[in-house]
Amino acid sequence: MSTINYDLKKIRAFAFDVDGVLSSEVVPLSPDGDPMRTVNIKDGYALQLAVKRGYQVAIITGGYTDAVRIRFERLGIQYIYMKSAIKIHDLEDFMRQTGLQPEEILYAGDDIPDYEVMCRVGLPVAPADAAPEIKAIAKYISSRAGGQGVARDVIEQTMRAQGEWFGKEAFGW
């Protein structure tokens with residue numbers, strides 16, 4: 001049973017910010033100043049399963065490190081937008097390339113750079129620890145904080161609502 005107040009059968013795509021959503025909002029720095037992120041394994045499982053089941057998945061992040069790009073490429077994600085200064089432009093590109101309509105997209109963001117994108121998509125989602133301005137426009141606020149399973153939460157609920165969560169593809173990576 002979903003706790004999301006949206007017709008999840010409309011969703012054909014998932015898009016996520018990284019810092020504060022797929023990783024914690026606290027990011028340690030390497031000795032050379034590069035951010036070192038952690039990732040949630042259950043998020044990764046849900047992301048790769050969504051790709052296998054035919055959902056479009058996008059990453060839209062202002063950050064850039066090879067580790068982040070490699071992580072999401074290995075999960076099968078085709079649309080990875082890094083150094084995204086104005087995220088709405090990358091969302092529009094994602095929609096153009098996939099033919100998706102706004103109501104078919106779930107986007108999870110946590111802070112002000114995500115605001116425009118969240119206003120544009122059908123299902124804007126915020127982690128439990130998102131900025132107040134983001135929580136105010138979210139149609140669903142996950143019980144999970146950033147980096148603690150937000151993607152798993154929303155992907156699982158959506159795929160369950162569509163009868164796509166459990167099946168043959170669920171048993172492998």
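The model is predicted: local features need pLDDT of at least 70, side-chain atom pairs count only at pLDDT 80 or more, and totals for chains, interfaces and linings use all residues. Residues are numbered from 1 along each chain as its sequence is written, and side-chain values use heavy atoms, without hydrogens and water.

**Sheet**
- Six strands form an open sheet in the order β3-β2-β1-β4-β5-β6, with parallel pairing. Pairing requires at least two DSSP bridges between two strands. Strands (E, at least two residues) and helices (H or I, at least four) are DSSP runs, numbered from the N terminus.
- The edge strands are β3 (79–81) and β6 (140–141), each pairing on one side only.
- Four bridges join β1 to β2, with F16 opposite I59.
- Three bridges link β2 and β3, where I60 faces Y81.
- Two bridges join β5 (residues 123–126) to β6, and V125 stands opposite Y140.
- In β2 (residues 56–60), four of five residues are buried (under 20% relative accessible area, 1.4 Å probe, protein chains only).

**Helices**
- From β1, the chain passes through α1 (residues 41–52) to β2 in a right-handed β-α-β crossover. Right-handed means a clockwise path from first strand over helix to second, with the strands pointing away from the viewer.
- β2, α2 (residues 66–74) and β3 make a right-handed β-α-β unit.

**K135**
- K135 lies in α5 (residues 132–137).
- K135 counts as partly exposed because its relative accessibility is 30% (the class between 20% and 50%).
- Its contacts (heavy atoms within 4.5 Å) include A126, P127 and I141, not counting residues up to four places away in sequence.
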